[in-house]
Each structure stands twice: as C-alpha cells, then as structure tokens.
Amino acid sequence: MRPVANSLHDQAAEMLRQQIFAGDLAPGSFIDEAALCERLAVSRTPLREALKVLVAEGLLRHEPRRGCFVAEITARDVDQIFPVIALLEGRAAFEATEHAGPADIAALHVLHQRLQAHAEAGRIHDYYEVNYAIHEAFITLADNRWLAQVIGDLRKILRLARHQTLHVPGRLQQSLVEHLAVFAALQNGDAGAAEQIMRDHLLAQRDALRELARHHPSRITP
C-alpha cells in the first residue's frame, strides 16, 4: 500500500504547486487543510505529506501552532536569486550549445516561432508557457543533472512571481529579442555567446521585477 500513499501525496503536491503558480493560492494566504482535502479529494495524511514537500521546496512556509502559508518572494530574494540562476542558466546554455544537433535546433526553432507569434499578439500567458518550455529545453540539452537539479529548485521559487515581468512596458518585446539572440548563438555554435546572452537575459528579468515592484502592484513583497 505504500506506493499508493506516495502516489497520492505526489499528486497532491503537484496540484498544490500548480495552484500556487497560477495564483489560485495567493502569496501569504493560509493553507486551509480541511478545505484542500475536500477540493483535492485526498485525506489528511497525503495532504500533510504534500505540504511537507512544498515547505522543503520553499513554496510554503510553516509557522508553529499556526499552520502553512503560501511563501512570498521578497525584493531581497530577487536580488539574491537572480545573479545565481543567471550563472547557472548561462552555463546550461553553454553546454546546450555544445550538445545541440540538427534535430534539437529544429525543435527549438519551432518553439521560438511560437514565442514570436505570442509576443506579436500580446498573449502574455501563452508567451510565458513557451518561454518556460524553451528554458527547460536548454536545461535538458545541457544534460547536466547537477545543473538541472539546482536550477529546478530556484525556478520553483521564482515562479512565485510568475510572468509579472512581462507586464512591464516593453519587456515582452525585449524578452523576445533576448531569446532570439540566445538561439542565434546556439545555431552558430557559439557557446560563449549563448552563455553571456542567457546570463544577461536572466538579469534583465531581475531588473524588470525591480521596476514592477517600484511602480506597479506586484507579488513581490518589500
């Protein structure tokens, strides 16, 4: 019966992640276990195991005698995480460029075509989803499990801010330019350029979040 329990709490954890990333569970909100059990159709035991997983991932915080709350990403988190993930994803772009074959480049070309179409139509949600898939594709191509593991952990935290940066005026178009530049470097086999452009792309996201926090309602707390 143990595998079934594991499956239930894994499923509950994934459903909670998606609700957090979608904003259905807002940053700072209290996790009502009874209501979630009913909504997710699970018992308290797998739900509590799922909550422990998300606390370990940094998506929830646990307060003694109070319960769990959805984590909030702070301005300090932004300033500390982005330089680190820029280095890591830059390295992933370097290694991806070294490993990419014709079929990989063709698949990335299709993704970038979709990205451009969404940018031109102003479809921010769709753009974000393809953007995320492109980053995942580079990480997969890098074929470095240590990079993938650490980047994955940090990306979960950054998804608390989700695609808000794309609402900053001009950021959607600039993000597209940056992505196309990384892809061009990969196509040309220039691993060093791909690494630097990817780093700059991630740091530009940080700057956009800073701008958003200064001038617009945001999910970034002081």
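## Core, helices and hairpin of a predicted model

Let's start in the middle: the largest nonpolar core has 67 residues, and the ones that touch the most other members are Leu16, Ile20, Ile31, Leu47, Leu60, Leu108 and Phe138. Helix α6 gives the most to this core, with 11 residues. A nonpolar core here is a set of buried Ala, Val, Leu, Ile, Met, Phe, Trp, Tyr and Cys residues joined through side-chain atoms within 4.5 Å. Buried stands for under 20% relative accessible area, exposed for over 50%, and partly exposed for anything in between, using a 1.4 Å probe and protein chains only. Helices (H or I, at least four residues) and strands (E, at least two) are DSSP runs numbered from the N terminus.

A word on the basis: this is a predicted model, in which local features need pLDDT of at least 70 and side-chain atom pairs count only at pLDDT 80 or more, while totals for chains, interfaces and linings use all residues. Residues are numbered from 1 along each chain as its sequence is written, and side-chain values use heavy atoms, with hydrogens and water left out.

### Helix α2

Helix α2 covers residues 33-40, and its buried residues are Leu36, Cys37 and Leu40. Their directions fall within an arc of 105° when seen down the axis of α2, so these residues line one face of the helix. That arc is taken over the directions from the helix axis to the C-beta atoms. On the other side of α2, Glu38 and Arg39 are exposed.

What caps the N-terminal end of α2? Aspartate 32 does, with a side-chain oxygen 3.2 Å from the backbone nitrogen of alanine 34. Just after α2, alanine 41 takes a positive phi of about 60°.

### The hairpin

Strands β1 (residues 60-63) and β2 (residues 67-70) run antiparallel and are joined by 4 bridges; two strands pair if DSSP finds at least two bridges between them. Across the pair, arginine 61 stands opposite phenylalanine 69, and glutamate 63 stands opposite glycine 67.

Arginine 65 lies in the loop between β1 and β2, and its phi is near 70°, a positive value in a residue other than glycine. Most residues other than glycine have a negative phi. Is arginine 65 buried or exposed? At 84% relative accessibility, arginine 65 counts as exposed.

Aspartate 143 also has a positive phi, near 55°. Aspartate 143 sits in the loop between α6 and α7 (145-158) and is exposed, with a relative accessible area of 64%.

### Rings and charges

There are 2 aromatic pairs in the count. Tyrosine 128 and tyrosine 132 form a tilted one, at 6.2 Å centre to centre and with 35° between the planes. Rings of Phe, Tyr and Trp (its six-membered ring) pair if their centres lie within 6.5 Å, with planes under 30 degrees apart counted as stacked, over 60 as edge-to-face and the rest as tilted. The two tyrosines are 4 residues apart in helix α6 (residues 124-142), which means about one helical turn separates them. Tyrosine 128 is buried, at 7% relative accessible area, and tyrosine 132 is buried too, at 19%.

| Arginine | Ring | Distance from ring centre |
|---|---|---|
| Arginine 155 | Tyrosine 132 | 3.9 Å |
| Arginine 159 | Phenylalanine 21 | 4.1 Å |

### Two further contacts

Glutamate 95 is found in helix α4 (residues 75-99) and counts as buried, at 11% relative accessibility. Which side chain does glutamate 95 join through a polar contact? The partner is asparagine 144, at 3.4 Å. A polar contact is a pair of N or O atoms within 3.5 Å; within protein, one must be able to donate a hydrogen and the other to accept it, and residues adjacent in sequence count only if both atoms are side-chain atoms.

Glycine 122, in the loop between α5 (102-121) and α6, is partly exposed, with a relative accessible area of 43%. Glycine 122 and leucine 166 are 44 residues apart in sequence and 9.8 Å apart in space, C-alpha to C-alpha.

Notes
A charge sits over a ring if NZ of Lys or CZ of Arg is within 6 Å of the ring centre and within 35 degrees of the ring normal.
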